Amino acid sequence: MNPTKNERMRCDGVIRRDLLRMGVLSGLGFSLLSNRLATKVAAQAVPVRKSTAKSCILIWLDGGPSHLDMFDPKPRAAAEIRGPFSAIQTSVAGIEISELLPRTAELMKHLAIVRSLTSPLGEHGLANHYLLTGYQPTPVLEYPSLGAMAARQFPSRGALPAHIAIPNHGEIGAGYLGARFEPWSIGGDPAKPNFQVNDLEAFPEVDASRLQRRVEFLREFDQWQMQRDAAQASNSPVTRALELATSPAAQTAFALHEEPEHVRRRYGPRTFGQSCLLARRLIERDVRFVTVNYSGWDTHASLLLNLQQGYAGAEVGVGLVPTFDQGFSALIDDLAKREMLDETLVIVMGEFGRTPKINAAGGRDHWPRVFSVVLAGGGVPGGQVIGSSDSIGESPRDQPQTPNDLARTIYTLLGIDPDTELITPSGRPVTINRDGEIIRQLI
Amino acid sequence: MSFNIWCLFLWLGLVTPSPPDFDTEIMPRLTKLGCNAGACHGAAAGRGGLHLSLFGSEPNADYLALVREFEGRRVNLSQPRQSLLLRKPAGEIDHGGGQRFDWDDNDGQTLLRWLQAGAPRGASSPLVSLKIKPSSQLVAAIGQPVGLQVFAKFENDQETDVTDLVTWQNVDNSALSFNIIKTQVISQRAGQHFLIGRYLNQNLPVRITTPKAVEQINSQTERRNGPIDEHVLRVLDDLRLQVAPPTDDSTWFRRVSLDLTGRLPNSGDAQQFADSQDLDKRQRWVDQLLASEAYVEYWVWRWSKVLRMHSLPRDTQGFSTYEKWLREQIRNDVGWDQVARELLLSVGDTQTNGPANFHRMVNDARAEAELVTRAFAGIRLECANCHDHPLDRWTQADYHGLAAIFAPLERGTVIQWSPRNRITNPRTGEPATPKVPGQKEVANANDLRFVVADWLTHEDEMWLARATVNRLWQALFGRGLVNPVDDIRTTNPATHPELLEWLAEDFSTHGYRLKHTLRQIVMSQAYTRSSEPQTDAVLGAQFYAYYPTRSLPPEIFADAIADFLGVPAVELGNEVKRAVAVIDATQALPEIDRIGRCRLAATCSEYATLESGVAAELHLLNGSLINRRLMQQANQLDRWIDAQLSTAEFVEQAYWRGLGRAPRASEVSRWQVLLATDSPALQRSLWEDFLWGLINSREFRENH
């Protein structure tokens with residue numbers, strides 16, 4: 001029996017070496033279905049791709065953004081499919097996107113559009129789970145989100161936590177990884193002049209010197225217990241919070257007013273744009289994963305009003321897509337100019353697309369059979385479109401990719417070995433990603 | 001005798017006269033080789049065009065799939081050696097699952113012999129029981145191998161050595177290593193560790209106990225108070241773990257008060273208890289706690305989480321009727337068998353009949369089947385919704401059969417039984433036949449809920465008793481004897497199986513009374529030990545060599561802060577002032593929700609502890625939960641300041657009130673230095689900061 005490639009793999013793609021390694025690391029176990037193979041290959045290393053991405057910004061368009069009115073327009077289809085908007089050329093010859101995205105179109109050389117995502121799940125909760133974890137939901141186990149997994153694999157390096165959500169992270173959190181890896185939802189609206197993060201600011205009359213004193217007093221109390229049982233020693237949780245609340249780096253991370261006025265304006269005056277700006281500031285301060293949660297994309301009625309205008313009769317559109325266009329393009333441009341784009345993976349996605357045919361209310365309904373996601377930076381080759389949908393944006397035409405494939409690709413881009421096996425608190429072995437296939441053109 | 005004839009004899013001796021049996025020999029080998037695992041051909045959709053049942057639960061279908069499907073393309077009976085069934089897993093032709101066996105090993109040879117015999121189905125007798133020898137072994141030291149043998153007993157009374165056919169699962173491979181060739185398990189680490197053996201539809205654990213230390217401990221001199229201590233000390237003896245000394249009166253007093261009533265004891269009681277010379281004072285205090293209203297409030301709150309209680313939109317009346325009913329059951333210490341029975345069998349108007357609301361906490365019959373088994377039997381039946389439970393004996397027929405019993409319930413404001421309502425078993429596509437898990441189907445159109453109630457309390461099964469005492473143990477020690485408490489199964493064995501059985505037995509013979517078992521446990525020496533780790537902190541906590549410290553649940557912590565500062569924990573504009581009194585999961589309590597209180601009844605774990613996320617931590621530091629109460633008018637701090645206490649008096653009173661003990665002299669003198677000031681304004685802020693430190697200290701936040 002010679003050591004072939006097949007020998008190392010189970011049919012779910014798990015490399016046995018990883019099983020062994022995780023068995024040791026987690027201090028827990030896993031099933032040994034055929035463990036004689038396990039020992040034979042233990043010494044053989046399979047290199048994990050060297051990733052350039054050090055951090056990730058996930059722009060989550062909650063509710064399901066319309067692929068047809070953003071990144072997969074069908075200008076030559078019938079009006080009921082085409083919708084109210086036309087398509088424009090991007091800076092890369094042959095690639096067209098919606099006219100609502102003029103600024104994004106100029107930056108096409110940085111972007112990779114995947115137009116052939118496909119999923120069977122057309123309900124928000126289920127689809128959220130699938131896109132954000134790579135696993136279809138089951139009642140048995142709550143899987144962790146991409147961000148929670150990134151936080152687990154790459155702990156925080158400074159006072160700021162490894163995973164921060166602006167303003168919150170919705171319903172998919174750390175799942176079986178447990179509370180320690182829940183993202184920190186900062187709350188608050190970065191576009192407001194009096195923007196504040198929940199509980200980051202001191203309580204009235206309790207200034208920093210008192211906080212220091214309080215924690216000093218706390219240490220007095222804990223000292224006795226620490227001496228007694230060193231094995232159980234754990235910092236009182238508030239010490240991490242104190243570090244955060246009193247760390248100048250953490251405080252300045254949220255001080256958007258420090259940004260030059262022209263930069264703030266470039267990102268746009270609304271919540272989404274300022275959230276993108278805040279995301280950049282957090283990434284600069286070594287936060288590993290930032291989720292920018294932009295909700296309102298469940299556009300069952302009037303595309304014109306919701307996607308473009310924002311309010312009836314608006315002369316300059318301030319709807320969802322122009323707002324997105326401004327904030328997103330500012331972010332990509334800014335990251336590129338600061339030479340941070342190569343080490344920052346930016347992902348734009350929602351839980352599904354919208355129906356090809358406009359409905360009676362002038363909107364589009366849920367459509368998971370085909371939809372688009374956009375990736376930029378983090379080593380992703382830009383200026384390309386991967387896969388395509390059919391002539392009316394109803395089904396994938398070529399290269400169908402599942403959210404599972406996407407998750408595997410994202411983990412790989414972030415330098416996380418997707419075949420690593422983890423053990424849930426109930427002792428169940430789960431691989432970070434199961435059965436997904438890497439979308440090669442993105443790597 | 002010529003060499004040829006000798007060979008013939010050898011050949012006759014090696015090859016059994018009858019070909020291998022499909023169900024009892026071929027299928028287990030396929031399981032052992034991983035072919036029908038969930039990630040391979042056992043997946044619901046199969047793999048590479050071949051679908052097998054998960055871990056071989058359906059031999060009929062699997063036989064058809066392997067031998068008959070696609071005109072039998074997977075087997076080649078004229079040239080058995082060329083069968084796809086062999087060549088793929090042998091790695092001769094491309095196989096997504098890679099090479100699974102070598103030609104010359106037993107698995108390959110048996111498959112070949114079976115194909116040579118014409119791939120017969122065989123006529124095996126059903127498996128009755130499985131036995132692993134030894135099932136539990138205390139080894140002398142790390143590295144000592146233990147050989148295992150497995151025997152199967154079939155319905156025709158035949159007992160066979162099936163060691164070679166067993167699939168082994170190593171629960172923790174950093175603790176045990178397993179040599180599959182020799183069927184030997186070797187301990188790698190001190191502690192109690194398990195290996196699971198599976199043959200056909202049965203799983204059995206093998207327990208390997210490896211001592212921590214070389215020297216014997218002298219447990220004979222340890223005080224013991226009844227069977228609980230006998231069981232706990234026996235395991236500590238085996239593991240040679242040093243036992244912590246009994247804790248002092250003050251610590252015990254705070255511990256037992258928090259555990260039985262969810263409240264800090266008041267400082268007057270604490271001081272009196274410490275000073276009392278009464279030899280029976282612990283017994284008396286336990287009786288007093290168990291008879292208190294605080295006990296009722298706290299245990300209603302605990303059980304409301306198990307029962308997933310929450311109000312429904314536009315129906316607060318039903319919920320409050322339910323809550324009142326549960327309160328009465330707990331106040332009167334009604335036998336838990338009766339409580340469970342009444343919840344299960346209830347019908348009628350939910351506005352007036354409290355227990356009938358039980359059926360409205362879930363949306364449908366399947367969810368009720370899951371709730372009933374989880375709450376009353378401590379088992380997770382969910383897996384069996386979509387496939388037979390891979391780690392337990394529950395089948396899809398069990399799951400849908402139990403759901404079928406609840407299907408006739410109409411869950412409106414009035415709970416009615418309507419025999420027309422049915423549910424479908426997705427495997428058969430037919431209406432599911434009612435059955436109690438693990439028992440025969442009941443072809444019967446009557447209301448069968450009483451059969452479920454009987455099953456839960458049947459003396460051979462003891463489901464309800466075992467699940468309930470396990471939850472009580474968890475409430476007092478922070479973890480169940482089986483952990484998690486809602487996952488009781490043979491493949492998740494108890495740390496102290498004999499103790500669990502004894503507690504269940506004792507509980508049932510004492511009328512399923514919660515107070516009886518709570519008293520038994522808190523009066524044991526195991527419960528009374530100091531929380532100071534001895535030989536090994538991890539093993540010691542797991543096996544009760546010392547009392548395992550744990551953080552207070554969010555609601556209890558919030559109530560403790562409020563009691564300590566002499567202000568309400570919640571202000572809802574009604575008479576409810578304590579967080580534990582808010583048992584409706586739909587009621588928001590923003591400050592307490594921020595530190596980890598769980599509000600979605602369906603997803604709440606029964607054992608939530610203080611949240612450790614950043615947002616929660618920041619809230620303790622900068623949020624209102626503590627800060628607002630520290631500064632609130634007429635709080636305890638105001639009273640202390642008004643009383644013009646000296647620093648030493650203030651420190652002493654705060655220690656008694658918050659920590660239930662007197663400060664040591666060294667602590668008093670230290671605080672006299674740290675809190676010294678001449679300015680009355682500064683004094684208040686220093687005292688506030690001192691109280692803040694006390695509240696956040698581990699000694700306050702934890703039960704120890």
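A crossing of two helices is left-handed if the near helix is turned anticlockwise from the far one by less than a right angle, and right-handed if clockwise. The structure is a predicted model, in which local features need pLDDT of at least 70 and side-chain atom pairs count only at pLDDT 80 or more, while totals for chains, interfaces and linings use all residues. Residues are numbered from 1 along each chain as its sequence is written, and chains are lettered from A and ligands numbered from 1 in the order in which they are written.

Helices (H or I, at least four residues) and strands (E, at least two) are DSSP runs, numbered from the N terminus. Two packed helices are described by the angle between their axes and the distance between the axes. Axes are lines fitted to C-alpha atoms, for helices over the stretch in contact, with angles from 0 to 180 degrees between N-to-C directions.

In chain B, the crossing of H26(B) and H27(B) is right-handed. The axes of H26 (residues 647–659) and H27 (residues 665–674) come within 9 Å and cross at roughly 125 degrees. The two helices are therefore oblique to each other (under 35 degrees counts as roughly parallel, over 145 as roughly antiparallel, 65 to 115 as roughly perpendicular and the rest as oblique). B:Thr647, B:Ala648, B:Val651 and B:Glu652 of H26(B) meet B:Val668, B:Trp671 and B:Gln672 of H27(B), contact being defined by C-beta atoms, placed from the backbone, within 7 Å. These residues divide into four nonpolar, two polar and one charged (Ala, Val, Leu, Ile, Met, Phe, Trp, Tyr, Cys and Pro count as nonpolar, Asp, Glu, Lys and Arg as charged, and the others, Gly among them, as polar).

H16 (residues 463–477) and H18 (residues 514–522) of chain B have axes that come within 10 Å and cross at roughly 45 degrees, which makes H16(B) oblique to H18(B). The crossing is right-handed. From H16(B), B:Val469, B:Leu472, B:Trp473 and B:Leu476 take part in the contact, and from H18(B), B:Leu514, B:Thr517, B:Leu518, B:Ile521 and B:Val522. Eight of the contact residues are nonpolar, one is polar and none is charged.

Strand E6 (residues 167–170) of chain B is covered on both faces, with B:Thr167 and B:Gln169 buried on one side and B:Trp168 and B:Asn170 buried on the other (buried means 20 or more other C-beta atoms within 10 Å of the residue's own, exposed 12 or fewer, and partly exposed in between, with C-beta atoms placed from the backbone). E6(B) is joined by four bridges to the antiparallel strand E9 (residues 191–199) of chain B, where B:Ile196 stands opposite B:Gln169.

B:Ser78, in the loop between H3 (59–72) and H4 (84–87) of chain B, counts as exposed, with 5 C-beta neighbours inside 10 Å.

Technical notes
Contact = placed C-beta atoms within 7 Å. Pairing = 2+ DSSP bridges.
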